[in-house]
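Student: I have a model open and want to learn how to read it. Can we go through it feature by feature?

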Amino acid sequence: MKNPPFRSPRSKVGGIYHFGRLIDKIRLKLKGKLPAEYLPNLGLMNGLDGHCCGFLGIEFTDLVERLKEPGTDEEILEWCYSKGTRPNPVQISIWNGFAEKFGWRDSAAAFVAKVKKEDGLQDNSELMTTFDIIDVREGRTGKNSA
């Protein structure tokens, strides 16, 4: 989907990649407005959603429940810290490095290859990670688009 109603995984909340996108998708799901193509992967434990929740030490289902209540992105993140883990700057840097490279020579590499093939991009050696694939599919270009 081009120009979806949520952020790039490269967009940061509290310095953390993917969290803003995750809460955007959950908020849309709760309103019945998340595009159908995103429903199958929402909250998957082996995907970025599940890894982000694991990094924060929270359950995806608990985050969904919290998002039924009002709160800014920063308030939601603070809630995550209070219920789970408050990472220090080094841990956030490690998470961001992991998230940004997810799909390159790891468990998500097959997913990246599958999507590239579906989209006729299998010969594009620039697309190596889930961030790359997501941003291209959603109409964003460049490594720093958020």
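Tutor: First, the ground rules. This is a predicted model, where local features need pLDDT of at least 70, side-chain atom pairs count only at pLDDT 80 or more, and totals for chains, interfaces and linings use all residues. Residues are numbered from 1 along each chain as its sequence is written, and side-chain values use heavy atoms, with hydrogens and water left out.

Student: Which elements does the protein have, and in what order do they run from the N terminus?

Tutor: Helices (H or I, at least four residues) and strands (E, at least two) are DSSP runs, numbered from the N terminus. Here there are seven helices and two strands. The order is β-β-α-α-α-α-α-α-α.

Student: How do I read the radius of gyration of the protein?

Tutor: Take it over C-alpha atoms, then apply the globule rule: 2.2 Å times the number of residues to the power 0.38. For 146 residues, a compact globule would come near 15 Å; the protein has 15 Å, so the two agree. The C-alpha trace spans about 45 × 35 × 25 Å along its principal axes.

Student: What share of the residues is buried?

Tutor: Buried means under 20% relative accessible area, exposed over 50%, partly exposed in between (1.4 Å probe, protein chains only). Buried residues are 46% of the 146.

Student: Which residues have the most contacts inside the largest nonpolar core?

Tutor: A nonpolar core is a set of buried Ala, Val, Leu, Ile, Met, Phe, Trp, Tyr and Cys residues joined through side-chain atoms within 4.5 Å. The largest one has 33 residues, and I16, F19, I26, L56, L63 and W95 have the most contacts inside it. β2 (16-17), α1 (19-30), α2 (48-56), α3 (60-66), α4 (73-83) and α5 (89-101) each supply at least two of its residues.

Student: What is W95 in contact with?

Tutor: Contact means heavy atoms within 4.5 Å. Leave aside neighbours within four places in sequence, and W95 contacts I16, Y17, H18, L48, H51, C52 and F55.

Student: Which residues of α4 are buried?

Tutor: D73, I76, L77, W79, C80 and Y81. The buried residues of α4 pack against β1 (12-13), β2, α1, α2, α3 and α5.

Student: Where does T85 lie?

Tutor: T85 is in the loop between α4 and α5. Its relative accessible area is 36%, so T85 is partly exposed. Not counting residues up to four places away in sequence, T85 touches F55, L56, G57 and C80. The C-alpha atoms of T85 and F60 are separated by 14 Å, with the two residues 25 apart along the chain.
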